[in-house]
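Me: I'd like to learn how to read a model like this one. Could you take me through it feature by feature?

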Amino acid sequence: MMATNGKDACGLKGDEPSVSLNGGNEAFANKSHSPVVHGAATEAPCRSKLQNGGTEAERFTFSPEPTVEDIRRMQAEFTDERDWNQFHQPRNLLLAMVGEVGEVSELFQWRGEVAEGLPGWTESEREQLAQELSDVMIYLVELAEKCRVDLPQAVLRKMALNRLKYPASKVHGSAKKYTEYED
Ligand SMILES: [Mg+2]
């Protein structure tokens, strides 16, 4: 089972979580007052069917919490408590996020193509990936906050633009860039 939701991530003993000056992992681990930590969300993530080339596969879904705003608030508390806002300016956060993307990349490096669901990965490797993806998201959310971008609403606007740029009827099954389609 992929450890991508908070429930699975909490109890696993992977590599020692690295908490550095800018480490975000504690944001999830130490906020016991948060209603969304330690798998407090009671509903199991719902599953839906994905039609995939004629075969039905189960589509993985996330837990409903924490929301993006929950993550922003938890990381803001983490940063405030450590007096780290002096370091967490937009450019620094951007570089930190790119560094975390590098840490995600390291986990895929030299493996060749990896199939959906990561068959063959150990629980420890999956947990490491969950931690590094979380680091990326935590920094992304804090970067958006410090840049005054309301990220959930910005995502809605961008997805609307993407639907206009790539009408399903025109691009179905094609990986071309939008500039390559004829009008
Ligand atoms: Mg990391």
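Me: Then let's begin with confidence. What average pLDDT does the chain have, and where does pLDDT stay under 50?

Reply: The general idea is that where pLDDT is low, the predicted coordinates should not be read in detail. Here the chain averages a pLDDT of 79, and 68% of the residues score at least 70. The stretch to handle with care is residues 1–43, where pLDDT stays under 50. The model has 64 contacts beyond four places in sequence for that stretch.

Me: Fine. How many helices and strands are there in the chain?

Reply: Seven helices and two strands. Reading from the N terminus, the order is α-α-β-β-α-α-α-α-α. Of the 183 residues, 17% count as buried. As for contacts with a separation of 6 or more, 69% are between residues 24 or more positions apart.

Me: Next, the core. Which residues make up the largest nonpolar core?

Reply: In soluble globular proteins, nonpolar side chains tend to be buried together. In this chain the largest nonpolar core has 10 residues: Ile71, Met74, Phe78, Leu93, Ala96, Met97, Ile138, Tyr139, Val141 and Leu143. Helix 3, helix 4 and helix 5 are the elements that give two or more residues to this core. Helix 5 supplies the largest share, four residues.

Me: Now the helices themselves. Which residues of helix 4 are buried, and which are exposed on the face turned away from them?

Reply: An α-helix has 3.6 residues a turn, so residues three or four places apart point the same way. Helix 4 has 19 residues and reaches 28 Å from its first C-alpha to its last, close to the 27 Å expected. Its buried residues are Leu93, Ala96, Met97 and Glu100. They cover an arc of only 100 degrees around the axis, which puts them on the same side of helix 4. The face turned away carries the exposed residues Arg91, Val98, Gly102, Ser105, Glu106 and Phe108. As for the cover over the buried side, helix 5 is part of it.

Me: And helix 3: which of its residues are buried?

Reply: Ile71, Met74, Gln75, Phe78 and Thr79 are the buried residues there. They span an arc of only 135 degrees around the axis, so they sit on the same side of helix 3. On the other side, Asp80 and Glu81 are exposed.

Me: How many of the residues of helix 6 are buried?

Reply: Zero of its 15 residues, so helix 6 lies largely in the open. Its end C-alpha atoms are 20 Å apart, in agreement with the 21 Å that 15 residues should span.

Me: Last topic, the backbone. Which peptide bond is cis, and where is a positive phi found in a residue other than glycine?

Reply: The cis bond runs from Glu65 to Pro66, with omega near 0 degrees. Pro66 is in the loop between strand 2 and helix 3. As for phi, Leu118 has a positive value near 55 degrees; its place is the loop between helix 4 and helix 5. With 16 other C-beta atoms within 10 Å, Leu118 is partly exposed. Asp83 follows helix 3 and has a positive phi near 55 degrees. Asp83 counts as exposed because it has 8 C-beta neighbours inside 10 Å. Also look just after helix 4, where Trp110 takes a positive phi of about 70 degrees.

Note on methods:
Residues numbered from 1 in each chain as written. Predicted model: local features only at pLDDT ≥ 70, side-chain atom pairs only at ≥ 80, totals over all residues. Buried ≥ 20, exposed ≤ 12 C-beta atoms within 10 Å, placed from the backbone. Core = buried A, V, L, I, M, F, W, Y, C linked by C-beta atoms within 7 Å. Expected span 1.5 Å × (residues − 1). Arc of directions from axis to C-beta. Contact = placed C-beta atoms within 7 Å. pLDDT = per-residue confidence, 0-100.
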